[in-house]
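Please walk me through this structure in the viewer. Tell me what to select next and what is there.

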Amino acid sequence: MGNDAPSRRPLTRRTTLTALLATGLGTALTACGGPSRSVGAGGTVTLRYFFWGDSGRADLINKCVTVFERDHPKIRVKTSFAAFDSFWPKLSTAAAGGNPPDVMHIDYAWIRTLGEHGVLADLDEHTGPGKEIDASTLVPSLRTAGLVEDRRVALPLSHNTVSVQYDAKVWAEAGARPPTARMGWDAFMEQSLKVTRHTRRKQFGMDNPGQNYMGVETWMRQQGLQMWTEKGGLGFGHDDMRRYFGLVDGWRAEGALAGPDVVLESLPGYPISTRRVASNLEWDNQVGGRSEMRGSKLSLGIVPTDTGRSGIYAKPGMLLSAAAKSPYISEAAQFISFMINDRRVAKILGTNIGMPPTTSQEGAAEVTDPAVRQVQTYEKQVAATMAATPPSPADGGASLNVYLQRVAEKLFYGRVSVDHAVDLFFDQAKVVLA
């Protein structure tokens, strides 16, 4: 369901795609796939559609395509899919070979990079009243998703948001109160420490939110800051990072948070799934999979805050874009609008790709999966506190996230001070964001 790119896994893929763009993939994408493709017999056109997923998702999407083709007899859609980690080399190879897809799934982390390299079509002229794409139906918190400096380069196909996932049974046995809307970070860490002590450190109360961008971004947003600016720079400064690192390192030293050794011991899994921690900060749609790997049900709790701001937002689990040089952008736009707006699509897909992105699709799917119902309930609980989707990550942001993990590991192992860790992070930012 939804976001197939959890917080730690896709870093190698992202770094690889950055390298491909730097060595000319952007040129290949923008130079190929032009008007040499002919219109078929009877005036039909064929759209090539790439997406990530498994055979089960492919079956569902192909059912949607059948409905679309029935409604649009002049447009055919040829689908092709790959697993998430294989999708990007597949897309890159097709583009470099002169045959990019007309329509493609895009991860939110790559919107700016691909948009700025001229890979993605500007869909503004195809969006609005009387045009191919109706974006007026996007749920309010998603209306900025897919924009790069006010250019519409993608439309969200699904969404999810950050949550605290926790083992309610373990927390109850430790006499710890679960996270609520009124709980601040210090109060939450006091409860987390109870879990660590109760289990005699076999399970820490929480995984360390200082070791990945999700924790940094959520906390910064609670302070009224952004992870990224509209221009692709960092939206916070040295003092902000110093305060965050100092707080997190203090909670780790007390035992409320796990250290980097716990993360390493859990690879290739996650501390929550290997039962080395009893809670973590994670996208809500991951709760079903993490519960299954852990072997016990995880609950969804509201993220603590000291400011009254939740820090959470609607993150597109995946988005739909058209290739900039596709000869069939109008037809691609019609297909994109169908996928995000048609209630029949929502009924077919259910929540396989996440929560529906538009008001026109909300409530269309019949849901029987308890984990999906968990997510739906949580999203309703936090809907009023969710902010609009923030600016997308900068070109080079993925490699900076990798470096963040390395710096945090040094800090939490005690190899560098907080001040030194902050300096290292911002020195690297100057290099990768230049």
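Select Leu267 to begin. In this predicted model, Leu267 sits in the loop that runs between helix 9 (260-266) and strand 9 (279-283). Together with Leu267 they make a nonpolar patch on the surface, with about 280 Å² of accessible area between them.

Step along to Pro268. This residue is also in the loop between helix 9 and strand 9. Check the peptide bond from Leu267 to Pro268: the bond is cis, and omega is near 5 degrees. Most peptide bonds are trans.

For another backbone feature, go to Glu149. You will find Glu149 in the loop between strand 4 (147-148) and strand 5 (151-152). Phi of Glu149 is near 50 degrees, a positive value in a residue that is not glycine. Most residues other than glycine have a negative phi.

Now show helix 14 (residues 397-412) and helix 15 (residues 418-432). Their axes come within 10 Å and cross at roughly 165 degrees. Helix 14 is therefore roughly antiparallel to helix 15, as an angle over 145 degrees counts as such. The contact uses Ser399, Leu400, Tyr403, Leu404, Val407 and Leu411 on the helix 14 side. From helix 15 come Val418, Ala421, Leu424, Phe425, Gln428, Ala429 and Val432. Helix 14 passes helix 15 in a right-handed crossing.

Move to helix 7 (residues 213-222) and helix 8 (residues 238-254). Here the axes come within 11 Å, crossing at roughly 115 degrees. The crossing of helix 7 past helix 8 is right-handed. Which residues meet between helix 7 and helix 8? Helix 7 brings Gly215, Val216, Trp219 and Met220. Helix 8 brings Asp240, Met241, Arg243, Tyr244 and Leu247.

Next, select helix 2 (residues 55-71) with helix 11 (residues 329-341). The axes come within 11 Å and cross at roughly 120 degrees. That angle makes helix 2 oblique to helix 11. Display side chains for the contact: Cys64, Val65, Val67 and Phe68 belong to helix 2. Gln334, Phe335, Phe338 and Met339 belong to helix 11. Helix 2 passes helix 11 in a right-handed crossing.

Stay on helix 11 and pick Glu331, which lies in this helix. Glu331 touches Val45, Leu47 and Ile75, leaving aside residues up to four places away in sequence. Draw a distance to Glu132. The two C-alpha atoms are 8.2 Å apart, although Glu331 and Glu132 are separated by 199 residues along the chain.

Last stop: the salt bridges. How many salt bridges does the structure hold? There are twelve. Side chains of opposite charge can pair when their charged atoms come close. Zoom in on one of them, between the side chains of Asp71 and Arg344, at 2.5 Å from N to O. This pair links distant parts of the chain, with Asp71 in helix 2 and Arg344 in helix 12 (residues 343-349), 273 residues apart.

Notes: Residues are numbered from 1 along each chain as its sequence is written. This is a predicted model: local features need pLDDT of at least 70, side-chain atom pairs count only at pLDDT 80 or more; totals for chains, interfaces and linings use all residues. Side-chain values use heavy atoms; hydrogens and water are left out. Patches are made of residues with over 30% relative accessible area and no salt bridge: like charges are joined within 9 Å, nonpolar side chains (Val, Leu, Ile, Met, Phe, Trp, Tyr) within 5 Å. Accessible areas come from the Shrake-Rupley method with a 1.4 Å probe; for residues, only the protein chains shown count as cover. A salt bridge is a side-chain nitrogen of Lys or Arg within 4 Å of a carboxyl oxygen of Asp or Glu. Helices (H or I, at least four residues) and strands (E, at least two) are DSSP runs, numbered from the N terminus. Axes are lines fitted to C-alpha atoms, for helices over the stretch in contact, and angles run from 0 to 180 degrees between N-to-C directions. Angles under 35 degrees count as roughly parallel, over 145 as roughly antiparallel, 65 to 115 as roughly perpendicular and the rest as oblique. A crossing is left-handed if the near helix is turned anticlockwise from the far one by less than a right angle, and right-handed if clockwise. Contact means heavy atoms within 4.5 Å.
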